[in-house]
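Colleague: Hi! Could you walk me through the strands in this one? I have the structure open.

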Amino acid sequence: MTAFLSVESSLTGRLWRGPDPALERAAAALAQDSRLPLPVGRVLAARGVPAHEAPLYLDPKLRDLLPDPASLRDMDKAAERLVAAVLASQRIAIFADYDVDGGASAAILLDWLRRQGRDATLYIPDRIDEGYGPNAPAIAALSRDHDLIVCVDCGTLSFDALAASTCDVIVLDHHQGGETLPPVLAVVNPNRADEDGSLGHLCAAGVVFLTLVRCNSLLRRDGHATPDLIPLLDLVALATVADVAPLVGVNRAFVRQGLLIMARRERPGLVALSDVARLDSAPNAFHLGFLLGPRINAGGRVGRADLGALCLSCADGRQAERLAAELDALNRDRRTIEAAVRDEALAQVEARASDGLVAWAAGAGWHPGVVGIVAARVKEATGLPAVVMGVEGGIGKGSARSIPGVDLGRAIQRLSAEGLLLKGGGHAMAAGLTIEEAKIPAAMDRLSQLLAREMAERSGAGELRISGLLDPAGATVELMQMLERAGPFGQAAPAPRFAFAEQLIDSAGAMGDSHLRLRFRSPGSPVLEAVAWGAMSGPLGPALLGAKGRRFHLAGRLELSHWGGRERVRLRLDDAAPLG
């Protein structure tokens with residue numbers, strides 16, 4: 001296959017690949033049969049959607065896609081116990097992870113209980129003092145004062161910690177499970193070893209939502225009133241996107257419906273977070289992942305671990321504003337800390353320059369709250385699975401981030417089983433680990449070996465995939481509205497990336513410290529604006545900064561921007577290549 005537009009090495013060093021000819025033919029036929037624009041036909045063809053199913057795909061209904069909750073193992077045991085606790089006014093504790101998925105999962109449960117006149121204790125462990133997941137002292141203390149503990153987004157591998165409970169425990173999780181389960185009443189997890197994996201794409205908030213669907217069904221069966229679950233989908237959507245869950249199956253419906261609910265601005269916590277993030281338009285998946293998610297995570301990373309969950313579950317507008325302001329300030333602190341660790345980590349990776357299949361770095365004193373996001377930055381910079389570890393007292397605590405097609409969580413779990421880690425686990429795209437400092441090099445070598453087959457089978461490394469050509473005149477609001485119906489876009493469902501050939505750069509300038517804004521056009525076409533986020537810290541921004549009057553091939557994804565009460569289309573620029 002030849003390079004698209006003959007771009008063999010772009011400004012970011014990538015080879016451009018165009019659409020597969022067979023896929024392009026299928027897209028053209030689908031567009032003609034369903035009377036859709038060709039760019040929309042390309043999205044549907046890439047998803048394997050036949051023409052007769054296009055209307056259902058473009059308008060997904062939760063009732064059509066929602067799986068039977070009872071198909072998950074232990075679901076009935078968990079739902080029956082939770083309903084019994086509610087009806088008997090028993091004392092319930094919620095033990096949650098400190099990230100967006102954990103906070104949203106906890107907020108969903110708190111909201112559902114509150115609307116039935118029930119309160120619950122929220123417990124989120126401190127990242128530094130307690131680490132990820134349940135720990136024996138916290139579980140033992142909670143069980144003394146409660147009748148039921150519900151662990152959300154954690155617990156599947158917490159054997160010793162959960163054995164410390166003297167009350168019933170339910171685990172609602174999605175992380176990879178082992179061959180055995182902890183000694184609890186129920187473990188509802190689509191990624192248990194004895195599940196078929198058909199719902200493995202759910203995040204923890206999705207599992208919690210399905211559990212409440214089953215709880216409502218049991219309540220109605222016995223003649224009790226039930227809370228409406230649909231308003232909870234804003235939190236499910238937020239968690240699904242922020243946890244990088246694949247936007248396939250019911251997840252598409254969760255996010256599509258959840259965004260509509262979020263746009264109503266009825267949840268005080270999300271309203272306050274949107275306002276401090278200066279989100280002045282209807283939310284989309286990008287906003288969830290890159291504006292709201294980092295702020296909610298900031299409490300668990302560099303501040304109080306429970307701030308995110310408290311903000312999401314807050315029912316008072318003024319209190320929500322205070323919590324959101326605190327999270328916004330912590331997010332600014334997080335960015336400063338992250339930048340310093342990122343620079344050191346990237347320098348290590350570059351200096352190591354090994355042939356390994358994993359980019360890794362470890363440093364004394366690196367804040368454990370930012371190693372996950374730094375791992376994501378290292379992954380983006382290298383195109384490899386990345387592991388970043390902060391070391392203190394001879395122990396490394398780290399986070400790992402993967403690339404599509406490479407199951408990092410399973411490999412980390414294997415390292416733990418082999419004794420190279422003190423503990424470790426996660427899911428395909430993200431994982432956490434604790435390791436003795438002396439074992440880090442050997443563990444990273446072994447991790448490369450474990451990922452070798454998947455990395456060899458993965459195609460497209462160092463390539464930029466282009467969905468098709470587009471002219472600025474074709475980048476209309478009407479086209480964007482049709483494309484958005486084919487969304488939401490995210491993990492496992494990427495937005496189409498368009499190439500704009502031989503574009504004249506009208507203007508280019510820095511935006512803030514790290515972003516680039518430019519305007520471009522082709523002969524006879526209107527000017528189109530583009531923004532390249534974070535481009536000034538890489539090769540793209542500096543190369544285009546002085547490009548006024550020159551011609552480039554440009555590639556990126558379209559998005560709607562709102563300014564002065566008007567909608568307009570702009571390009572989120574991914575890459576560029578000079579002509580010739």
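Modeller: Happy to, and one term first: two strands pair if DSSP finds at least two bridges between them. Keep in mind that this is a predicted model.

Colleague: Thanks! So what is the bridge partner of A93 in β3?

Modeller: That is T121. Strand β2 (residues 92–96) pairs with β3 in the parallel sense, over 3 bridges.

Colleague: And which helices pack on the sheet there, touching β2, β3 and β4?

Modeller: Helix α6 (residues 100–114) does, and its direction makes about 160° with that of β2. Helix α7 (residues 136–145) also touches β2, β3 and β4, at about 165° to the direction of β2.

Colleague: In what order do the 5 strands of that open sheet come?

Modeller: The order is β3-β2-β4-β5-β6, with parallel pairing. β3 (121–123) and β6 (186–188) are at the edges with a single partner strand each, so one side of each has no neighbour in the sheet.

Colleague: Changing topic: why is strand β11 largely enclosed by the rest of the structure?

Modeller: Because 5 of its 7 residues (430–436) are buried, where buried means under 20% relative accessible area.

Colleague: Which strands does β11 pair with?

Modeller: Strand β9 (residues 395–401) pairs with β11 in the antiparallel sense over 7 bridges, and S399 stands opposite G432 there. Strand β10 (residues 423–426) also runs antiparallel to β11, joined by 4 bridges.

Colleague: How many residues lie between β10 and β11 in their hairpin?

Modeller: There are 3. If you want a pair to look at, G426 has A431 as its bridge partner in β11.

Conventions:
Residues numbered from 1 in each chain as written. Predicted model: local features only at pLDDT ≥ 70, side-chain atom pairs only at ≥ 80, totals over all residues. Heavy atoms only, no water. Buried < 20%, exposed > 50% of the residue type's maximum accessible area, 1.4 Å probe, protein only. Helix = DSSP H or I, 4+ residues; strand = E, 2+ residues; numbered from the N terminus. Contact = heavy atoms within 4.5 Å. Axes fitted to C-alpha atoms, helices over the stretch in contact; angles between N-to-C directions.
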